[in-house]
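Please keep the sequence and the model in view while reading.

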Amino acid sequence: MTADLIEGSTCHKQQDMIQNMEELSNDEFVKFFQNLDAVMFDCDGVLWLGNNIMKNAQDLVIKLRAYGKKVFFVTNNSTKTREEFLSKFNSFGFDVTIEEIISSSYLSALYLKERNFTKKVYVVGMAGITKELKSMGIESLEIGPDPIVDDGNLWLSSAEMHNLTLDTDVGAVIVGFDQFFCYKKLFKAASYLSNKDVYFIATNTDEQFPAERKGFVIPGTGSIVNAVKTAADRDPIVIGKPVPVMFDFIQRSYKVEPNRALMIGDRANTDIMFGRNCGLWTLLVLSGVTSLQEVREFCYSRDASQQKCIPHFYLNGVADFYKLIVKTQP
């Protein structure tokens, strides 16, 4: 095992670079583990799937703390506040502090606060965003359903559309997951963003959510962000993984060095790419979105972005990481 296992590799065939962490010798794993100061987890698909907790997930967090590792939970989920995430962790039996929860809704609000933002925000999203904004003293417009009344006529030529007004005090548009997303919201978001001085913030660009039921696709925030991006003809400031914003916050707040931190995730193009973008060690667990076959296909790609989706290690789930720690640590 080398520190630059896949860093900087430009080989066309890199399949041999995908390493099952269980194949490390005991000495190799001990050295690797001892050199870690922090472990970062994605949540859904890693620690739980829906309402089902992954085996040994709570035990792993306890064990990491026992060995003095900092633990962080980095989630692109913008539907909840950090306080609400804390309640969910507690209900699942995890011992977590609010400072360890790094969410896209929290950092989206913090992004504006750190820029002394004093205007209003139009939110395409859920209460997780508006509550975080409110906690930082930032006002947002009302969220929730914004339906078009079907009177048999095209809305674009309706009296409602022609009488619609925009709030001139809106200085930012934040787009997250919104189960009430509709054409009218798209219309409003793009219209606000026609003013180039208005911030365009995306909580994340995840294409899909992990699905418990086979055969179903659950569109993620990225599908909504891309609709607004297309209509507005603007690129957003992305807060969530795979861009480095979340780790930048952790690094400056908790003094974590990237080469002494491990990112554990289930999605290659967010979690693993995030780790690679930040210079972290990466572990893909096969309990969520990305399959081992998909990663092997990345190994044959000349596309630099796909090569960043190749993890340093993989395991079937967090239970296997827990077992390795138990087996090798005194």
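## Basis of the report

The model is predicted: local features need pLDDT of at least 70, side-chain atom pairs count only at pLDDT 80 or more, and totals for chains, interfaces and linings use all residues. Residues are numbered from 1 along each chain as its sequence is written, and side-chain values use heavy atoms, with hydrogens and water left out.

## The open sheet

Helices (H or I, at least four residues) and strands (E, at least two) are DSSP runs numbered from the N terminus. Two strands are taken to pair if DSSP finds at least two bridges between them. Seven strands form an open sheet with parallel pairing, in the order β1-β16-β15-β14-β2-β5-β6. Its edges are β1 (19-20) and β6 (101-103); each has a single partner strand, so one side of each is left without a neighbour in the sheet. Strands of a sheet pair through backbone hydrogen bonds, either parallel or antiparallel.

Strand β15 (residues 281-285) pairs in the parallel sense with strand β14 (residues 261-265) over four bridges, and L262 stands opposite W281 in β15. Strand β16 (residues 313-315) also runs parallel to β15, and three bridges join the two. Here Y314 in β16 is the bridge partner of L284.

Which residues cover the two faces of β15? On one side W281, L283 and V285 are buried, and on the other T282 and L284 are buried. Buried means under 20% relative accessible area, exposed means over 50%, and partly exposed lies in between (1.4 Å probe, protein chains only). Because five of the five residues of β15 are buried, this strand is largely enclosed by the rest of the structure. In a regular strand the side chains alternate between the two faces of the sheet.

## Helix α4

Helix α4 (residues 104-113) is mostly covered, with nine of its ten residues buried. The buried residues are S104, S105, Y106, L107, S108, A109, L110, Y111 and L112.

## Cysteines

The structure holds zero disulfides (pairs of cysteine sulfur atoms within 2.5 Å). For C43, the nearest cysteine sulfur is that of C278, 16 Å away. C43 counts as buried, at 3% relative accessibility. C309 is likewise in no disulfide, and the nearest cysteine sulfur, that of C299, is 10 Å away. C309 counts as buried at 3% relative accessibility.

## Salt bridges

A salt bridge is a side-chain nitrogen of Lys or Arg within 4 Å of a carboxyl oxygen of Asp or Glu. By this rule there are twelve salt bridges. Side chains of opposite charge can pair when their charged atoms come close. One of the bridges joins D167 and K120 (2.9 Å, N to O). D167 lies in the loop between α6 (159-163) and β9 (170-175) and K120 in strand β7 (residues 120-124), so the pair ties together parts that are 47 residues apart in sequence. D167 is partly exposed, with a relative accessible area of 24%, whereas K120 counts as buried at 18%.

Another bridge is formed by the side chains of K184 and E160 (2.5 Å, N to O). This pair links distant parts of the chain, with K184 in helix α7 (residues 183-192) and E160 in helix α6, 24 residues apart. K184 counts as buried at 3% relative accessibility, and E160 as partly exposed at 35%. Both belong to a network of salt bridges that links D146, E160, K184 and K188. A further salt bridge joins D235 and K229 (3.3 Å, N to O). D235 counts as exposed at 58% relative accessibility, and K229 is partly exposed at 31%.

## A nonpolar surface patch

I148, L154, L156 and Y183 make a nonpolar surface patch of about 370 Å². Patches are made of residues with over 30% relative accessible area and no salt bridge: like charges are joined within 9 Å, and nonpolar side chains (Val, Leu, Ile, Met, Phe, Trp, Tyr) within 5 Å. Accessible areas come from the Shrake-Rupley method with a 1.4 Å probe; for residues, only the protein chains shown count as cover. L156 is placed in the loop between β8 (139-140) and α6, and counts as partly exposed at 36% relative accessibility.
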